[in-house]
Amino acid sequence: MIKTLLLTVLIIAICIALLSVRLIFKKNGKFSSHDVGEDAHMREKGIRCSMDQDREARRNGKAF
């Protein structure tokens, strides 16, 4: 039981360390935003956040 618990904690610690490599080693490192509204490529294609699109449709009376 203890071996399984220690192995699990070790695996989780390794995963967290690997996920944070960019934050640790890059100057001013941060996670990139995964929000559709902040992605330049999506904005070029006219794709926006679903909440923004819903808000605009409700304002224009076309929320059906």
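1. Let's start with the surface: the chain exposes about 6300 Å², and carbon and sulfur atoms supply 64% of it. Areas like this come from the Shrake-Rupley method with a 1.4 Å probe; for residues, only the protein chains shown count as cover. Keep in mind that this is a predicted model: local features need pLDDT of at least 70, side-chain atom pairs count only at pLDDT 80 or more, and totals for chains, interfaces and linings use all residues. Residues are numbered from 1 along each chain as its sequence is written, and side-chain values use heavy atoms, leaving out hydrogens and water.

2. On to the fold. The chain has 4 helices and 0 strands, in the pattern α-α-α-α along the sequence. Helices (H or I, at least four residues) and strands (E, at least two) are DSSP runs, numbered from the N terminus.

3. How much is tucked away? Of the 64 residues, 5% count as buried. Buried means under 20% relative accessible area, exposed over 50%, and partly exposed in between (1.4 Å probe, protein chains only).

4. Now look at Ser 20, in the loop between helix H1 (2-19) and helix H2 (21-25). Ser 20 is buried, with a relative accessible area of 16%. A polar atom of its side chain lies 3.1 Å from the backbone oxygen of Ile 16; for the backbone oxygen of Ala 17, the distance to a polar atom of the Ser 20 side chain is 3.1 Å.

5. Leu 7 is partly exposed, at 49% relative accessible area.

How values were computed: A polar contact is a pair of N or O atoms within 3.5 Å; within protein, one must be able to donate a hydrogen and the other to accept it, and residues adjacent in sequence count only if both atoms are side-chain atoms.
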